[in-house]
Amino acid sequence: MKKIIRTLVILGALVFSQHLFAASTVYEVSKGKQKLYLAGTIHLLRNQDLPPPAEFDFAYQQAQRIFFEADLQKAKAPEFGQRFAQAMLLPNNATLKDVLNAENWAALQEYSTKSRYPLSQTMMFNPAMVSILITLTESKKLGVGEGVDAYYDKTARTDNKVIGELESLDDLLGYMKKFAQEDPNKIIKSILKDIDSMPTDLEKMIASWKAGDLDALDNAFSERMRKETPAVYQALIVERNQKWLPQIEAMLKTPEVEMVLVGSLHLSGRDGLLVKLSKAGYKVKPINLQ
């Protein structure tokens, strides 16, 4: 549930982020005649939160090629689900009880009893996997389902647009394994701490996203992520942005117009794609149809 950490390198970057990177989560990135649209998404939404803001459809209509973080159809396949589960098992037949301290183990048991979470069925998974499962369990209670990425994946397939991805499913497994290297107690403590505020956090997150307020997403959802689970931030945000940046720059050399959809937390902050593209000499401007 966490999004973008608000950090800037210098005072000029602070002003740049607050004023140019505002009022939209869809941006036109250009150099000369070449351009693409970079759209910050939310991966899980409620039915009432769709369709996305008009800026998304504007960018979609302009684009000939649509890029996602990964191949969503392959990610849904049972074969990948099995690979993912296998990769997230604790080593040497260990269980959660073996890797958590007494306090966090007791707290997890209490949560399981209170929320009817099937702890006994997930004991063999590492805390990173369990945190994902708990997030999905609580999200379903709030009516959350597929988000912007799935919405445009379906639309693009119906419209026969060219679809691509920034990373392979093997890449994704690698990042998840790095996520799992974070301190087990930090991961469980963090997710259990977030549960009570999840309904309020979800409302704030969606409202800020619809308003295109990346600064609000920074302030409300990212500080804790970087402070409490820095390895997660490094693996899931920093490293992926570094790998995606050259691919995005390559797209800006093609005659086609692309729409690239990534989680909103990849856009802003000192490690965000917006600042990196701007510092590389590209013109970055928000799309605002209001």
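Throughout this tour, a residue is called buried when its relative accessible area is under 20%, exposed when that area is over 50%, and partly exposed in between, computed with a 1.4 Å probe on protein chains only. The model is a predicted one, in which local features need pLDDT of at least 70 and side-chain atom pairs count only at pLDDT 80 or more, while totals for chains, interfaces and linings use all residues. Residues are numbered from 1 along each chain as its sequence is written, and side-chain values use heavy atoms, with hydrogens and water left out.

**First stop: E69 and R240.** Select E69, which is buried with a relative accessible area of 11%, and then R240, which also counts as buried, at 8% relative accessibility. The two form a salt bridge whose closest N and O atoms are 2.9 Å apart; the term requires a side-chain nitrogen of Lys or Arg within 4 Å of a carboxyl oxygen of Asp or Glu. Because E69 lies in the loop between β4 (65-68) and α3 (72-76) and R240 in helix α14, the pair ties together parts that are 171 residues apart in sequence. Helices (H or I, at least four residues) and strands (E, at least two) are DSSP runs, numbered from the N terminus.

**Second stop: D71 and R157.** Now select D71, buried at 16% relative accessibility, together with R157, which is partly exposed at 37%. Their salt bridge has its closest N and O atoms 3.9 Å apart, and it links the loop between β4 and α3, where D71 lies, to R157 in helix α8, 86 residues away.

Select R46, D49, E203 and K210, which are linked in a network of salt bridges. Within it, R46 and D49 are both buried, and their closest N and O atoms are 2.8 Å apart. A search of the whole structure finds 16 salt bridges.

Select F56, Y60, Y151, Y152 and W209, which ring pairs link into a cluster. Rings of Phe, Tyr and Trp (its six-membered ring) pair if their centres lie within 6.5 Å, and planes under 30 degrees apart count as stacked, over 60 as edge-to-face and the rest as tilted. Y60 and Y152 make a tilted pair, at 5.3 Å centre to centre and with 35° between the planes. Since Y60 lies in helix α2 (residues 54-62) and Y152 in helix α8 (residues 148-158), this pair ties together parts that are 92 residues apart in sequence. Y151 and Y152 are instead edge-to-face, at 5.0 Å centre to centre and 85° between the planes; Y151 is partly exposed at 32%, whereas Y152 is buried at 1%.

**Last stop: N185.** Select N185 in helix α10 (residues 184-195), a residue that is buried at 17%. A polar contact of 3.0 Å joins its side chain to that of N104, the term meaning a pair of N or O atoms within 3.5 Å, of which, within protein, one must be able to donate a hydrogen and the other to accept it, with residues adjacent in sequence counting only if both atoms are side-chain atoms. A polar atom of the N185 side chain also lies 2.8 Å from the backbone nitrogen of N101.
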